[in-house]
Amino acid sequence: MTSVERVALVTGAARGQGAAIVARLHRDGFRVAACDVLVDELKQSVASIDDGGVIAIGLDVTSPEQWADAVQTASDAFGSVTTLVNNAGVLHRATLIDETPGGFESSWRVNCLGPFLGIQATLEHLRAAEGASIVNTCSTSAVRAFPAHAAYGSSKWALRGLTQVCAAELAPAGIRVNAVFPGPIATPMLDDETQIRLTATFGRLGQPMEVADAVAYLVSDHASFITGAELVVDGGQCLRM
């Protein structure tokens with residue numbers, strides 16, 4: 001553990017993986033700015049942590065202005081951001097013939113543009129921080145191709161590439177950039193029918209805290225010599241396809 005105050009900004013924090021990441025980092029001693037566009041759900045989630053170590057911030061990750069406001073709010077509350085977890089994402093399925101320009105673009109805006117804007121918005125803070133770290137939530141869709149996932153899969157492949165570029169560019173500044181690749185995880189992103197189907201295929205679904213544990217490792221001092229890494233959390237999904 002570093003001696004400096006650790007301040008994490010986590011997106012997509014209202015539920016599922018994001019809420020688990022917030023809880024895990026808070027447990028590890030981070031002060032956490034929990035951010036999401038689902039403000040009411042976010043406030044309910046954060047309300048369960050009543051020691052002042054977590055604040056809820058409304059954030060549309062596709063808005064540079066809202067990113068600037070979120071980073072300022074986090075900094076005013078806790079001090080400079082030392083850790084960024086780009087977890088916000090949308091799952092959009094459509095066949096190639098049924099996909100629309102709007103549907104395709106909106107997936108890219110949330111899943112890839114959003115993390116890019118977050119890195120830009122926090123970069124000044126991260127450059128000044130000791131042990132600065134970024135973790136991007138990719139997907140096994142950036143490892144294996146799934147039919148009817150043109151928008152989602154390609155946006156996650158792009159985020160995978162962005163992670164690598166940022167890791168290379170920011171390494172001289174001491175900023176580590178890594179990615180987690182969740183597979184079938186029991187979150188609201190997967191409807192009940194999909195969860196039943198995936199459970200039948202793989203035996204069980206992963207739990208949000210299992211992804212949060214991976215993120216906690218990557219942002220910790222235990223991973224101080226790790227950057228540009230891709231940590232797959234999928235119960236062997238990719239190996240069995």
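## Strand β5 and its surroundings

Strand β4 (residues 83-86) pairs with β5 in the parallel sense, over four bridges. Within this pair, Leu84 stands opposite Ile134 in β5. To get from β4 to β5, the chain passes through helix α4 (residues 101-128), and this β-α-β crossover is right-handed. The model is predicted.

β5 also pairs with strand β6 (residues 176-182). These two run parallel and are joined by five bridges. Here Ser133 has Arg176 of β6 as its bridge partner. Helix α5 (residues 150-170) belongs with β5 and β6 in a right-handed β-α-β unit.

Is β5 enclosed by the rest of the structure, or open? Five of its five residues (133-137) are buried, so β5 is largely enclosed by the rest of the structure. Buried means under 20% relative accessible area. In a regular strand, side chains alternate between the two faces of the sheet. In β5, both faces are covered. Ser133, Val135 and Thr137 are buried on one side, and Ile134 and Asn136 are buried on the other.

Now the whole sheet. Seven strands form an open sheet with parallel pairing, in the order β3-β2-β1-β4-β5-β6-β7. The edge strands, each pairing on one side only, are β3 (54-58) and β7 (230-233). From one strand to the next, the twist averages 15°.

At the β7 end, four bridges join β6 to β7, and the two run parallel. Ala179 stands opposite Glu230 in β7.

| Helix | Strands touched | Angle with the direction of β6 |
|---|---|---|
| α5 (residues 150-170) | β5, β6 and β7 | about 160° |
| α7 (residues 208-219) | β4, β5, β6 and β7 | about 165° |

The helices also meet each other. Two packed helices are described by the angle between their axes and the distance between the axes. For α4 and α5, the angle is about 20° and the axes are 8 Å apart. Angles under 35 degrees count as roughly parallel. α4 and α5 are therefore roughly parallel to each other. α4 passes α5 in a right-handed crossing.

Which residues make the contact between α4 and α5? On α4, they include Gly103, Phe104, Trp108, Phe116 and Leu123. On α5, they include Ala150, Tyr152, Leu159, Leu162 and Leu170.

Methods. Residues are numbered from 1 along each chain as its sequence is written. This is a predicted model: local features need pLDDT of at least 70, side-chain atom pairs count only at pLDDT 80 or more; totals for chains, interfaces and linings use all residues. Side-chain values use heavy atoms; hydrogens and water are left out. Buried means under 20% relative accessible area, exposed over 50%, partly exposed in between (1.4 Å probe, protein chains only). Two strands pair if DSSP finds at least two bridges between them. A crossover is right-handed if, with the strands pointing away from the viewer, the path from the first strand over the helix to the second runs clockwise. Axes are lines fitted to C-alpha atoms, for helices over the stretch in contact, and angles run from 0 to 180 degrees between N-to-C directions. Contact means heavy atoms within 4.5 Å. Angles under 35 degrees count as roughly parallel, over 145 as roughly antiparallel, 65 to 115 as roughly perpendicular and the rest as oblique. A crossing is left-handed if the near helix is turned anticlockwise from the far one by less than a right angle, and right-handed if clockwise.
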